[in-house]
Structure formats: structure tokens, C-alpha cells
Amino acid sequence: MSDKNIRECDFTIAFQPIVDVASESRPFAYEALVRGLNGEGASKILTEARTKDFQAFDSNCRKRAVELAQRLKLSSHLSVNISSEAVGHASHGLISTLDAARTSGFPEEKLIFEISEHRAIDDLSRAKDEISVCKSRGSLIAYDDFGAGYNCIAALLEIRPDILKLDMSLIRGIDTDIRRRSIMSAIHEVCSRLHIAIIAEGIETRQEMDALRALGVNLMQGYYFARPIIEYLPMPAPDADGPGIKREALTMENKY
């Protein structure tokens with residue numbers, strides 16, 4: 001898809017970094033998030049898309065993300081979302097995005113597919129076959145929203161993800177909630193045994209970051225580090241006062 005076609009579509013992509021706090025908060029990956037052309041949030045765009053051919057829309061979002069990432073010369077991983085309905089789809093599944101990456105020149109081995117099971121996967125056998133192909137081509141599979149999805153434990157057994165993304169409901173206030181810290185400690189132990197990486201999303205405070213680091217979690221995402229910015233790769237800065245808010249303002253000043 002050309003830059004002209006990218007501008008003419010009725011949605012675009014914002015990028016938010018996933019940082020490695022063990023490496024001076026350098027970006028491990030950027031998650032691609034759908035936005036309206038006037039900055040409308042994902043929920044509005046996705047609600048409208050569900051009245052149309054949602055699987056095709058889902059695929060187009062991933063293709064757009066890959067093409068923009070290549071245009072922006074993204075050197076880290078790119079994390080793209082795929083709905084459970086689209087996993088294994090003959091025309092709009094994971095393979096279509098791998099092919100789009102190959103066409104645009106974006107490395108397939110830098111792709112991370114975030115699967116969210118707010119709905120059950122329609123054809124689990126076919127989905128597992130497609131996931132196997134993705135892994136053979138070097139891409140990573142992440143299970144998104146762990147703790148809020150359709151069947152979290154079954155997903156670990158059936159999907160066998162490389163990465164587990166923890167829902168912010170498990171993260172919020174973890175620094176003051178011993179129950180959340182206990183659950184997080186257990187999840188971290190299981191994932192370590194299964195060789196699954198953990199990404200904690202929704203980090204908003206230094207205290208939450210510190211509590212997670214103490215539990216051994218180093219990959220994090222949230223407003224504390226940087227907010228999503230449309231068609232731009234915001235760089236997080238290790239700042240105890242919350243770099244996301246300061247860096248976003250500076251980034252937008254430099255962009256326009």
C-alpha cells in the first residue's frame with residue numbers, strides 16, 4: 001500500500017513503546033493501535049468496523065501497521081493485534097500479515113501477533129496450524145489481556161504463546177495490593193518454567209514499575225513511559241516523574 005493510499009483510508013495507526021526497564025527503558029517493541037484520522041479512539045473505530053466485514057478490517061489494520069512501521073524505519077519488534085475471529089481465517093489471518101510484511105520489506109521475525117480471546121477462537125485446530133507457520137517464519141505469538149480474556153489457562157496450553165501480556169486489571173495499584181503481587185509472583189513463576197516472556201501493560205506510576213521490577217518483570221507498557229502517537233514512534237525516557245506525559249508534549253512539538 002502506498003503512502004497515498006495510507007492517507008486516504010478512514011483510519012490510521014498510533015504507536016506505543018513496550019520498554020525493557022532492565023535496559024534503560026529502551027523500546028523492546030512498539031504496539032500498533034488503530035485510531036481515527038482525527039484522533040478518534042480505538043473503541044469508536046472498532047465499533048463502527050463491527051458493522052462491516054470485521055475480519056477484513058482487522059487484516060487491513062495489521063497491514064497498515066506493517067507498512068507504516070517500515071516507512072518509519074522501525075528497528076525493534078512490531079506488535080500487532082489480531083482478533084480471535086481472524087486467527088486462522090483463510091484470507092485475513094496471520095499469514096496475510098506475514099505476506100504483507102514480506103511485500104513491504106518489514107522483517108517477519110520482528111513481528112509479534114497479539115491474540116486477544118475476548119471471544120473464543122472459531123477453529124482452534126486451524127488456528128494452531130497457522131500459529132505454527134508464523135513461528136516457523138520467525139514471528140512471535142503473544143496472548144493479550146491475560147486475566148480478562150475468554151479462557152486464560154486453556155490459552156497457555158493450546159496457543160502456547162511466546163509472550164503473555166498481563167491485563168491492566170492485574171497491574172493497577174500492585175504496589176499497595178499484596179493480593180495482586182501474590183498473583184503476579186505465581187504467574188511469573190509459571191511463565192519462567194514454560195519459557196514465556198511477560199509484558200505488563202497499563203503502567204501509570206513509578207511505584208507500579210518498581211513493584212513489578214521487584215517481582216522480576218522487566219517488559220512494560222503504559223502512559224508512565226509514553227502515550228501512543230499517531231504515525232510516530234515516541235521514545236520513552238527513564239524519568240522518575242513520569243516520562244510519558246513530558247515526552248509526549250515534546251514529541252508533538254517537534255513533529256509539527
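User: In which sense do β5 and β6 pair, and over how many bridges?

Analyst: Helices (H or I, at least four residues) and strands (E, at least two) are DSSP runs, numbered from the N terminus, and two strands count as paired if DSSP finds at least two bridges between them. Here β5 and β6 pair in the parallel sense, over three bridges; Y143 has L164 of β6 as its bridge partner. On β6 there is also a parallel pairing with strand β7 (residues 197–201), over four bridges, in which L164 is partnered by I198 of β7. This is a predicted model, in which local features need pLDDT of at least 70 and side-chain atom pairs count only at pLDDT 80 or more, while totals for chains, interfaces and linings use all residues. Residues are numbered from 1 along each chain as its sequence is written, and side-chain values use heavy atoms, with hydrogens and water left out.

User: Which residues of β6 point one way and which the other?

Analyst: In a regular strand the side chains alternate between the two faces of the sheet. In strand β6 (residues 163–166), I163 and K165 point one way, L164 and L166 point the other way, and all are buried. Buried means under 20% relative accessible area, exposed over 50%, and partly exposed in between (1.4 Å probe, protein chains only).

User: Why is K165 classed as buried, and which side chains does K165 join in polar contacts?

Analyst: K165 counts as buried because its relative accessible area is 1%. A polar contact is a pair of N or O atoms within 3.5 Å; within protein, one must be able to donate a hydrogen and the other to accept it, and residues adjacent in sequence count only if both atoms are side-chain atoms. The side chain of K165 makes such a contact with that of E31 at 3.1 Å and with that of Q221 at 2.8 Å. Contact in the wider sense means heavy atoms within 4.5 Å.

User: How does the lining of the largest pocket divide by class?

Analyst: Ala, Val, Leu, Ile, Met, Phe, Trp, Tyr, Cys and Pro count as nonpolar, Asp, Glu, Lys and Arg as charged, and the others, Gly among them, as polar. The lining of the largest pocket has 15 nonpolar, nine polar and 13 charged residues.

User: What is the volume of the second largest pocket, and which element gives the largest share of its lining?

Analyst: The second largest pocket has about 210 Å³, and α2 supplies the largest share of its lining, four residues. D10, I45, E48, K52 and F57 lie nearest its centre, out of 13 lining residues.

User: Which residues of α4 are buried, and what do they pack against?

Analyst: An α-helix has 3.6 residues a turn, so residues three or four places apart point the same way. In α4, the buried residues are L94, S96, T97, L98, A100 and A101, and they pack against α3, β3, β4 and α5 (124–136). S96 has a relative accessible area of 12%; its side chain makes a polar contact of 3.3 Å with that of S59 and reaches the backbone oxygen of G93 at 2.6 Å.

How values were computed. On a 1 Å grid over the protein atoms alone, a cavity is a set of points where a 1.4 Å probe fits but cannot get out, and a pocket is an open set with protein on both sides within 12 Å along at least five of seven lines; lining residues have an atom within 4 Å of a point. Grid points are joined across faces, edges and corners, and a volume is the space filled by probe spheres set on the points.
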